[in-house]
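Hi,

Here is the structure I promised to pass along. Have a look at it, and then read on for what turned up.

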Amino acid sequence: MMESFTSEETISNAKIVSGTVSKLLESMATQFHEQLRANQDMEYKVTVFDLRTVPDIKLRDYIFRIMTMSKCIYRDLLAALVYVDTLINRGVISGISLHNMHRLVALSIMTSTKFFDDVHYSNASWSKVVGIPLRELNNAETVFLQSIDFNVNIQC
């Protein structure tokens, strides 16, 4: 089972980073929803990453939870943003929305830690951390990786 970080400094930094990343993604979601409202011809593509309802947990708290429980580092959040950008640029998702940002964050961070870390957690453990049933997580991970052509390496 995963252990949480306990250092006060680490927790404080995780709160700052999770707040910053969540503000960026929430801003992108707000902009995307405004574009959808302004352009009636614009189509929203529902994917495996979309939830029927917006999660009750704030994105900031969700990212903080993932950071503290999975011991991911800032590199993983940066990689997550790159992966999400790749999905948008490839047209896999229409944009960041209130319905998909939690899952996209979870899958992106999970993918990053699996790629960069020699030892990583199982999907069963990730399922508990991110609150996605294991079968759904496995399916979404497969779609996620196929959507980025299994190219998890990030180039500058």
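Buried residues account for 41% of the 156 residues in the protein, where buried means under 20% relative accessible area with a 1.4 Å probe, protein chains only. A word on the source: this is a predicted model, with local features needing pLDDT of at least 70 and side-chain atom pairs counting only at pLDDT 80 or more, while totals for chains, interfaces and linings use all residues. Residues are numbered from 1 along each chain as its sequence is written, and side-chain values use heavy atoms, leaving out hydrogens and water.

The protein has six helices and zero strands, and its elements run α-α-α-α-α-α from the N terminus on. Helices here are DSSP runs of H or I with at least four residues, and strands are runs of E with at least two, numbered from the N terminus.

Helix H4 covers residues 101–116 and is mostly covered, with 13 of its 16 residues buried.

As for overall dimensions, the C-alpha trace spans about 50 × 35 × 30 Å along its principal axes. The radius of gyration is 15 Å, in agreement with the value near 15 Å for a compact globule of 156 residues (taken over C-alpha atoms; the rule is 2.2 Å times the number of residues to the power 0.38).

Among contacts with a separation of 6 or more, 81% are between residues 24 or more positions apart; contact means heavy atoms within 4.5 Å.

Best wishes

Methods: The expected span of a helix is 1.5 Å times one less than its number of residues. Buried means under 20% relative accessible area, exposed over 50%, partly exposed in between (1.4 Å probe, protein chains only).
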